[in-house]
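The following note sets out points for a colleague reading this structure. It begins with one residue and then widens to the elements around it.

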Amino acid sequence: MVFKLNKESSLKSKAEIEKVFGFGKKVSNKYLSVYFLKIPNSSGIQKKVAVAVGKKTHARAVERNKIKRLLRNCLRQSYEFERFNSGNFIIMYHFKEMPTLGLLQKNIKTLFLSLSKKELS
């Protein structure tokens with residue numbers, strides 16, 4: 001099953017975003033940070049995702065939007081991300097240079113593997 005990023009799967013509510021930052025788990029490396037808050041799947045809510053790129057590291061909106069598109073594309077293709085059934089995710093890119101697709105795929109894979117290990121413990 002391929003994860004689709006549409007209006008229902010985007011994390012937009014300020015209250016939900018604050019909950020993820022306040023009560024969620026964080027995994028990060030040199031390029032990315034992933035915040036995760038597990039939600040019971042009984043309500044039928046699937047995964048919700050927010051992607052963020054800082055203005056201080058990438059001043060031009062064109063660059064920020066391109067990085068966000070690359071990150072969303074990596075999430076669609078990531079098997080490690082598919083293993084999570086439900087929850088709220090915030091993925092932040094905080095490195096100064098423009099990433100490549102391969103670099104983002106590798107980092108997303110390692111972060112979600114470590115996040116799944118953190119969830120099991």
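1. Lysine 68. This residue belongs to helix H2. The coordinates come from a predicted model, and the remarks below should be read accordingly. With neighbours within four places in sequence set aside, lysine 68 has contacts to Val51 and Val53. Between lysine 68 and glutamate 16 there are 52 residues in sequence and 20 Å in space, taken C-alpha to C-alpha.

2. Placement of helix H2. The helix comprises residues 61-77 and lies across S2, S3 and S4. Relative to S3, H2 runs at about 150 degrees. From the first C-alpha to the last, the 17 residues of H2 reach 25 Å, which is close to the 24 Å expected at 1.5 Å a residue.

3. Which residues of H2 are buried? They are Arg64, Ile67, Leu70, Leu71, Cys74 and Leu75. Viewed down the helix axis, these buried residues fall within an arc of 140 degrees, so they line one face of H2. An α-helix has 3.6 residues a turn, and therefore residues three or four places apart point the same way. Val62 and Arg69 are exposed and sit on the face of H2 turned away from its buried side.

4. The sheet. Four strands make up an open sheet in the order S1-S2-S4-S3, and their pairing is mixed. Strand S1 (25-28) and strand S3 (47-53) are the edge strands, each pairing on one side only. Neighbouring strands in this sheet are turned against each other by 15 degrees on average, with direction ignored.

5. The hairpin of S1 and S2. Three residues separate S1 from S2 in a hairpin. The two strands pair in the antiparallel sense, over four bridges. Within this pairing, lysine 25 has phenylalanine 36 of S2 as its bridge partner.

6. The pairing of S2 with S4. Strand S2 (residues 32-37) is antiparallel to strand S4 (residues 87-93), with six bridges between them. Opposite valine 34 stands isoleucine 91 of S4. Phenylalanine 36, already named as the bridge partner of lysine 25, stands opposite phenylalanine 89 in S4.

7. Burial of strand S2. Is S2 mostly covered or mostly uncovered? The strand is mostly covered, with six of its six residues buried. Leu32, Val34 and Phe36 point one way from S2, while Ser33, Tyr35 and Leu37 point the other way; all of these are buried.

8. The chain as a whole. The protein chain has four helices and four strands. Read from the N terminus, its elements follow the sequence α-β-β-β-α-α-β-α. Of the 121 residues in the chain, 37% count as buried. Among contacts with a separation of 6 or more, 80% are between residues 24 or more positions apart.

9. Overall dimensions. Along the principal axes, the C-alpha trace spans about 40 × 25 × 25 Å. How does the radius of gyration stand against that of a compact globule, and what is its value? For 121 residues a compact globule would have a radius of gyration near 14 Å, and the protein chain, at 14 Å, agrees with this.

Methods: Residues numbered from 1 in each chain as written. Predicted model: local features only at pLDDT ≥ 70, side-chain atom pairs only at ≥ 80, totals over all residues. Heavy atoms only, no water. Pairing = 2+ DSSP bridges. Axes fitted to C-alpha atoms, helices over the stretch in contact; angles between N-to-C directions. Contact = heavy atoms within 4.5 Å. Expected span 1.5 Å × (residues − 1). Buried < 20%, exposed > 50% of the residue type's maximum accessible area, 1.4 Å probe, protein only. Arc of directions from axis to C-beta. Rg over C-alpha atoms; globule rule 2.2 N^0.38 Å.
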